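Dear colleague,

Please find the structure below, together with its sequence. My notes on what was found in it follow, and I would be grateful if you read them with the structure open.

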Amino acid sequence: MLPSRPLLHAAVFALTVLQALASDTFIAAVYEHAVILPDYTDKPVSPDDALALMNKNMDVLEEAIKEAAQQGAHIIVTPEDGIYGWRFTRETIYPYLEDIPDPAVNWIPCTDRTRFAPAPVQERLSCMARNNSIYVVANIGDKKPCNSSDPSCPSDGRYQYNTNVVFDSEGKLVARYHKYNLFRGETQFNYPKEPEAITFDTPFGKFGIFTCFDILFREPAVVLVSELQVDTVLFPTAWMNVLPFLTAVEFHSAWAMGMGVNLLSANTHNIGLAMTGSGLFTPKGPAVYHYNSGTEEGRLLLAELSARPRLSPTYPPAVNWSSFATSIEKFAGGKDTFSGAVRRDIFTFSELGHKAGNYTVCQGDLCCHLIYRMANKSKDEVYVLGAFDGLHGSLIKYHWQICTLLRCKSTDLDTCGQPVETAQTKFEMFSLSGTFGTNYVFPEVLYSGVQLAPGEFEVLRDGRLKSKHGTSKPLVTVTLFGRLYEKDPPHPLRT
């Protein structure tokens, strides 16, 4: 049956209003927070003491939220563990947890505080959002009671989850996400029974959300982007930087480019644990980022981003990551190879023995090709081309394919793959490609001092990562970081 004319007019009017409200761009913010940590204890503190500690951190976050709102931000992301820190057992984190309802209940804690069990943290976050007319993203802990009728119910009768929450500009709870891929030290939390793919719509795009270690796995990260087509990913994290491929700003920027979405990455800040590196990353590179391993200070970042990057006329075209590398003969260089370790991963390396050259290095099903020319080869520095095709990780394993041009720690080839932050050698040009067995490949270029190279490299449709006009700063690494999700073994803890 066709709708009546008045109903049709009303529907058209509503659609027109929604289109008018929709914005092509929005202002996003992330806050890197130097978390105030609780004193270590093997016994639970009182709920009042737990709330006192959380309020100290929320005092800092509230100031950042106010400042972001005053600068026009529509949404702000705060870090994983940003409200209560870490160093917990399952028992000692319990006083910090709240029961977080399903957002379908349509709840504004700021104005309806008695509707559910006492939830002072959710109430305060809701009021921060409502009072400043800004979406607020935070990481807190959720608790859910269970009983013996549930065969997977823990012996203490409750589930505990590492949880992200999102409150809209009216203070309403609009998203709740339980972290699915727990890092090895998160024994205080439970794994959700099933992965959650959490999205929500706003006038400035479709958003998805997950947490830290999740970014390395198909569920939920790839599902949100490739299947649910989100425009922007919200990413609270507590990321410990690991050179040469997994510093926060390096990998998170590469992931946003490889997946073709905005990534709003808010890291905790703790120099002792090598935690720093936040940013607002886009399909074309970082809009703004921050990395500071020298001081214990927080940092607010803001940038204007495309609300729907896929609709942009400058959206990067699809890439066939193996097209160029599989179409050419092996280069003459790279005959003399050797093995070297990047952490526990055994790479096949070939030393770049000249200021310019063509090289090929292979391992497993992966062959990596490099064309390069150095501008000012330092006699104290050695560079290599490396390839890795295999499982990474100790307890939790996942499959990587990596092609990398990297600086060794010293002229001793045994140091190739060890962490290096600085360099002196600049390159006039480089072109790196590989015979990847996946289309999920993330391009990284890292300069001396853990600096990114926005606008100074490009990815061609045939899978080549190329410099544009030479490197403006000394080069630490150029990497194509591939993930073969289908080759990942079953998760040993979740199963």
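**Notes on the structure**

Seven bridges link strand β18 (residues 398-407) with strand β23 (residues 475-483), and the two strands run antiparallel. Across this pairing, Trp400 stands opposite Arg483 in β23. Please bear in mind that the model is a predicted one.

β18 and β23 belong to an open sheet of six strands, in the order β13-β14-β17-β18-β23-β20, with antiparallel pairing. At its edges are β13 (337-342) and β20 (441-447), each of which pairs on one side only. On average, neighbouring strands of the sheet are turned by 20° against each other, direction ignored. Helix α5 lies across β20 and β23 and runs at about 140° to β20.

**The two domains**

The domain assignment divides the protein chain into domain 1 (21-311) and domain 2 (337-487). Their centres, taken over C-alpha atoms, are separated by 32 Å. To the contact between them, domain 1 gives 26 residues and domain 2 gives 29 residues. The size of an interface is often given as the accessible area lost when the parts come together. Here, domain 1 and domain 2 bury about 2,500 Å² between them, with 75% of it on carbon and sulfur atoms.

A UniProt record, which is an unreviewed entry, places the feature "domain: CN hydrolase" at residues 31-307. Over residues 31-307, the chain is 21% helix and 26% strand.

Which residues of helix α4 (residues 218-227) are buried? They include Pro220, Ala221, Val222, Val223, Leu224 and Val225. The elements that cover the buried residues of α4 include the strands β5 (173-178), β6 (199-202), β7 (205-209) and β8 (232-237), as well as the helix α5 (248-259). After α4 comes Gln229, whose phi is positive, near 60°.

Phe217 is placed in the loop between β7 and α4. Is Phe217 buried or exposed? Phe217 counts as buried because its relative accessible area is 8%, and the cut-off for buried is under 20%. Leaving aside residues up to four places away in sequence, Phe217 touches Asn181, Val222, Ile396, Tyr398, Arg483, Tyr485 and Asp488. Phe217 and Leu484 are 267 residues apart along the chain, yet their C-alpha atoms are separated by 9.6 Å.

Strand β10 (residues 278-282) is mostly covered, with five of its five residues buried. Ser278, Leu280 and Thr282 point one way from the strand, while Gly279 and Phe281 point the other way.

What does β10 pair with? Three bridges join β10 to strand β9 (residues 262-267), and this pair runs antiparallel. Within that pairing, Gly279 in β10 is the bridge partner of Ser265. Five bridges join β10 to strand β11 (residues 285-290), again running antiparallel. There, the bridge partner of Leu280 is Val288 in β11. β10 and β11 form a hairpin, with two residues between them.

Yours sincerely,
A colleague

How values were computed: Residues are numbered from 1 along each chain as its sequence is written. This is a predicted model: local features need pLDDT of at least 70, side-chain atom pairs count only at pLDDT 80 or more; totals for chains, interfaces and linings use all residues. Side-chain values use heavy atoms; hydrogens and water are left out. Buried means under 20% relative accessible area, exposed over 50%, partly exposed in between (1.4 Å probe, protein chains only). Helices (H or I, at least four residues) and strands (E, at least two) are DSSP runs, numbered from the N terminus. Contact means heavy atoms within 4.5 Å. Two strands pair if DSSP finds at least two bridges between them. Axes are lines fitted to C-alpha atoms, for helices over the stretch in contact, and angles run from 0 to 180 degrees between N-to-C directions. UniProt positions are given in the numbering used here, feature names are shortened, and annotations may be inferred rather than shown by experiment. Domain bounds come from an automatic or database domain assignment. Buried area is the accessible area (1.4 Å probe) that two parts lose on being put together, summed over both.
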